[in-house]
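Subject: Structure for your files

Hello,

Here is the structure you asked about. My notes follow below it.

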Amino acid sequence: MATEADLARLRHFRVSEFRAPERMDALFLTWLDAAREMAGVPFVITSDWRSPVENAAVGGYERSLHLRGRAVDLRWPASRITAFKLLRGIVLAARLAPAPLQLELEIGAQPHLHLGLYDETDGKGEHEMFVVHRTL
Ligand SMILES: [Zn+2]
């Protein structure tokens, strides 16, 4: 859970960019802000914390990191240069991540990048990256 002080420390995100800022994990937000700094391009958040009901409605994985406020979905930039910078920032920031990362690029009508941070209860030791193709 992010406190007001945690949220006030974010340099690249306004609280209003999160639908449920207080439900976000402070460690994840700190890392996300560092990744955004390294990318040098906007991170447009299209999904952050989800309730179990909301997560089920969008077909989310039942143990989705969104449920714990440890994931966001970012709009995939239309510009290839911007998309490259976004990914580059995330890769550069990966070494600062306090736990393994989960990256999922979903290609479809509304392409987005899912970015999550596992925690110690997940038993994950490695970063994971998936590319998911969905045609709608
Ligand atoms: Zn997601």
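**Strands**

A hairpin of four residues links β3 to β4. Helices (H or I, at least four residues) and strands (E, at least two) are DSSP runs, numbered from the N terminus. Before going further: this is a predicted model, in which local features need pLDDT of at least 70 and side-chain atom pairs count only at pLDDT 80 or more, while totals for chains, interfaces and linings use all residues. Residue numbers start from 1 along each chain as its sequence is written.

Two strands are said to pair if DSSP finds at least two bridges between them. Strand β3 (residues 101-107) pairs with β4 in the antiparallel sense, over six bridges. Within that pairing, Leu105 stands opposite Leu113 of β4, and Glu106 has His112 as its bridge partner. β4 also pairs with β2, again antiparallel, over five bridges; there the bridge partner of Leu74 is Leu113. β3 runs parallel to strand β5 (residues 128-133), and six bridges join them. In β5, His133 stands opposite Ile107.

β4 is mostly covered, with five of its six residues buried. A residue counts as buried if 20 or more other C-beta atoms lie within 10 Å of its own, as exposed if 12 or fewer do, and as partly exposed in between, with C-beta atoms placed from the backbone.

**Overall layout**

The protein chain has four helices and five strands. Read from the N terminus, the order of elements is α-α-β-α-β-α-β-β-β. The radius of gyration is 14 Å, close to the 14 Å that the globule rule gives for 136 residues, so the chain is as compact as a globular protein of that length. The radius is taken over C-alpha atoms, and the rule is 2.2 Å times the number of residues to the power 0.38. Along the principal axes, the C-alpha atoms fill a box of roughly 40 × 35 × 30 Å.

Buried residues make up 26% of the 136 residues. Two residues are in contact if their C-beta atoms, placed from the backbone, lie within 7 Å. Of the contacts with a separation of 6 or more, 66% are between residues 24 or more positions apart.

**Core**

A nonpolar core here is a set of buried Ala, Val, Leu, Ile, Met, Phe, Trp, Tyr and Cys residues joined through C-beta atoms within 7 Å. The largest one has 22 residues, and those with the most contacts inside it are Met24, Phe28, Leu32, Leu115 and Leu117. At least two residues each come from α2 (26-39), β2 (71-75), α4 (80-94) and β4 (112-117). α2 gives the most, with six residues.

Which residues does Met24 contact, leaving aside its neighbours within four places in sequence? They are Ala2, Phe18, Leu29, Asp48, Trp49 and Gly69.

**Helix α2**

The 14 residues of α2 should span 20 Å at 1.5 Å a residue, and its end C-alpha atoms are 20 Å apart, which agrees. The expected span is 1.5 Å times one less than the number of residues.

Seen by burial, α2 has Phe28, Leu29, Trp31, Leu32, Ala35, Arg36 and Ala39 as buried residues. These cover an arc of only 165° around the axis, which puts them on the same side of α2. The arc is that of the directions from the helix axis to the C-beta atoms. Their cover includes α1 (4-8), β2, α4 and β4. After α2 comes Gly40, with a positive phi near 70°.

**Two loop residues**

Pro42 lies in the loop between α2 and β1 (45-47). Is Pro42 buried or partly exposed? Pro42 counts as partly exposed, because it has 16 C-beta neighbours inside 10 Å.

Ala97 sits in the loop between α4 and β3. With 18 C-beta neighbours inside 10 Å, Ala97 also counts as partly exposed. Ala97 touches Trp31 and Leu117, not counting residues up to four places away in sequence.

Regards
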